[in-house]
Amino acid sequence: MTMAHGTFDNTVDREFPPIGWLATGALGAVIVGGVLMAAYAPRRAPLGVATGLLVLGVVLLAAAWTLLLRQKNFAWRTFSKVFRWALLAYAVTSAMIEFAFVRDHTTGAPLVLVTLMLVVFATSVPTSIAFTVARYADPDH
Amino acid sequence: MSEVTQNAAPPASHGAPGERPKIQVVPLKGLPVVAVAVVFVAVAIAGNWTWALMFCHVVGGGLWTGVDLFVGLVIGPILGRLSIPARAEFSARFMPKMVIIMPTVVMMTLASGFQIARKLGNLLASSPNHAWLIASFIVVGIMAVIALGVLEPANIAVLFEMNKPVPNGERIGRLMNRFIYTAGITGLMQVATLIIMTRVATQ
């Protein structure tokens, strides 16, 4: 990293752990879980496999955030700004999907699973977007 | 994320800071249209309104497939042959529109499509369309991971990069390569969607 206090060298790409890829992996896990749940609708999907995929998604997303929170000299202001707007957009999308499931009388454990998968979905995409933007931004001083 | 919109000039690779207008990452003028689409889809689902569901699915799906095919197989290869400043100038005008259009048409298509499938009984294991629908879920799942996890972060990062006083042209080129390749993949996957959907409609 070539950065003096108060200056930012935009010609150099800093090295980061695979935070974006972990968030994308979490997204992939819950999308596979969602496809599985949808494939069985209106029957009850095998909840064990869906739960396993949800847990995988949560673990990958938690790993992404753990690595992210350990970053020093990071553009947190930029990350926060992008994350909040993206979270708003994906919360609306997730709410629409949740609404469709509730409207179709999905209840009990399947609804809880779908809801938690949507939480991972609505968090992982903004994490990936905000990290990709912030990694190239001027770090907070 | 929203800034004042004006015409964007191509960024210098590593030149001196110029007086370039800011790019509006999310075009605010488009948000009322998005809100109308969201409310319309919600009303269609709430009322199980066949015409409205079909309208959302056909309009959303047609636009989604058309845009993906055109961008992936026509715009993408052209973009790949342009110089980095030319790519950047094109992207400054093109990508903010995609940021608004694509999530909206995808949301319209998927939400209404799932509801239609339930309503028509295509989700039942006994339906002749069941296997085709599962295939479409898989195709959409792959496209979603590529579009949301790889393509969209790169697109938005390009727009932020171009708003810097001295944008890094090499970085913009690299992020745009990600866009060009992933758009090509989703374009090809839309061919699979066309085959699946025409099979479902004619079984």
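**How helix α1 of chain A packs**

The axes of α1(A) and helix α2 (residues 47–69) of chain A come within 8 Å and cross at roughly 165 degrees. Those two helices are therefore roughly antiparallel to each other (the label for angles over 145 degrees). This is a predicted model, where local features need pLDDT of at least 70 and side-chain atom pairs count only at pLDDT 80 or more, while totals for chains, interfaces and linings use all residues. Residues are numbered from 1 along each chain, and chains are lettered from A in the order in which they are written.

**α1(A) with α2(A)**
- The crossing of this pair is left-handed, meaning the near helix is turned anticlockwise from the far one by less than a right angle.
- Sorted by class, the contact has 21 nonpolar, three polar and no charged residues.

**α1(A) with α4(B)**
- On the α1(A) side, residues in contact (heavy atoms within 4.5 Å) include Trp21(A), Leu27(A) and Ile31(A), and on the α4(B) side they include Phe137(B), Ile138(B) and Leu148(B).

**The largest nonpolar core**
- This core has 102 residues, and Phe137(B) and Val41(B) are among those that touch the most other members.
- α4(B) gives the largest share, 16 residues.
- Leaving out residues up to four places away in sequence, Val41(B) touches Met96(A), Cys56(B), Met107(B), Met108(B) and Ala111(B).

Notes:
Side-chain values use heavy atoms; hydrogens and water are left out. Helices (H or I, at least four residues) and strands (E, at least two) are DSSP runs, numbered from the N terminus. A nonpolar core is a set of buried Ala, Val, Leu, Ile, Met, Phe, Trp, Tyr and Cys residues joined through side-chain atoms within 4.5 Å. Buried means under 20% relative accessible area, exposed over 50%, partly exposed in between (1.4 Å probe, protein chains only). Axes are lines fitted to C-alpha atoms, for helices over the stretch in contact, and angles run from 0 to 180 degrees between N-to-C directions. Angles under 35 degrees count as roughly parallel, over 145 as roughly antiparallel, 65 to 115 as roughly perpendicular and the rest as oblique. Ala, Val, Leu, Ile, Met, Phe, Trp, Tyr, Cys and Pro count as nonpolar, Asp, Glu, Lys and Arg as charged, and the others, Gly among them, as polar.
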